[in-house]
Amino acid sequence: MGSSSSEKLFKRERTVHEILGGGIFADVVLWRKKNVSVGIVTVTIGSWMVFETFSYTIFSLLSSVLLLLLSILFLWSKSASILNRPSPPLPEFQISEEMAEEASNLLRIYVNKLLQVSYDIALGRDSELFFKVAVYLFLIAFIGSLMDFQTLCHTGVLVVIAVPAFYERYEDWIDGYMVLIYNKAKELYLRFKIWAYPEHKKLS
């Protein structure tokens, strides 16, 4: 099923690549850099198997990796001082004041938006927003009941890698059917609205 520009989902005019930013991230997600995409999928599946097979958690794995790394660097430095060899070439780790201010400002903006949304919902100012947030929270709770956080993260990475590329390949077919489903749902909603609120129905 072909789809013209008027049948595009959400009536968008940009391509999937442009919506994703048009940079390296878009190239990787859309499998235009296949080596990187395959590498991400392989690492994701491999790490999930490690977590499941050895019963690792994120914190235990990070602690083990950091312990191994620090032990190697410590022994390297000690042996270098004894054998008069150069120390490990490590850069100086430091967060600048500008980076800290930029991060705090960005965090403040998103926190204020979240608080404003919560305030509007609590006061009943936006019913549509309330139902959207309720649906999202219900979906998150439902998905969270099916899998743990680690599996959810791995699944999320695979979905991000797979779904946009699949959608781009079958874009016309998916858009056509999604628009058809949207129109049917809109028609059913209008019928329900007329049935629930007959006083709003205009007399012809």
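Analyst: A salt bridge here is a side-chain nitrogen of Lys or Arg within 4 Å of a carboxyl oxygen of Asp or Glu, and by this rule the count comes to 2 salt bridges. The model is predicted, so local features need pLDDT of at least 70 and side-chain atom pairs count only at pLDDT 80 or more, while totals for chains, interfaces and linings use all residues. Residues are numbered from 1 along each chain as its sequence is written, and side-chain values use heavy atoms, with hydrogens and water left out.

User: Why is the contact between Glu168 and Arg32 called a salt bridge?

Analyst: The N to O distance between their side chains is 2.7 Å, and the definition asks for a distance within 4 Å, so the pair qualifies. Glu168 sits in helix H7 and Arg32 in the loop between helix H2 and helix H3, 136 residues apart.

User: What makes Arg191 exposed or buried?

Analyst: Buried means under 20% relative accessible area, exposed over 50%, and partly exposed in between, with a 1.4 Å probe and protein chains only. Arg191 has 53% and therefore counts as exposed, whereas Glu187, its salt-bridge partner, has 33% and counts as partly exposed.

User: How do you know that Tyr136 is exposed?

Analyst: Its relative accessible area is 54%, so Tyr136 is exposed. Tyr136 lies in helix H6, which gives the most to a nonpolar patch, with 7 residues.

Definitions and conventions: Helix = DSSP H or I, 4+ residues; strand = E, 2+ residues; numbered from the N terminus.
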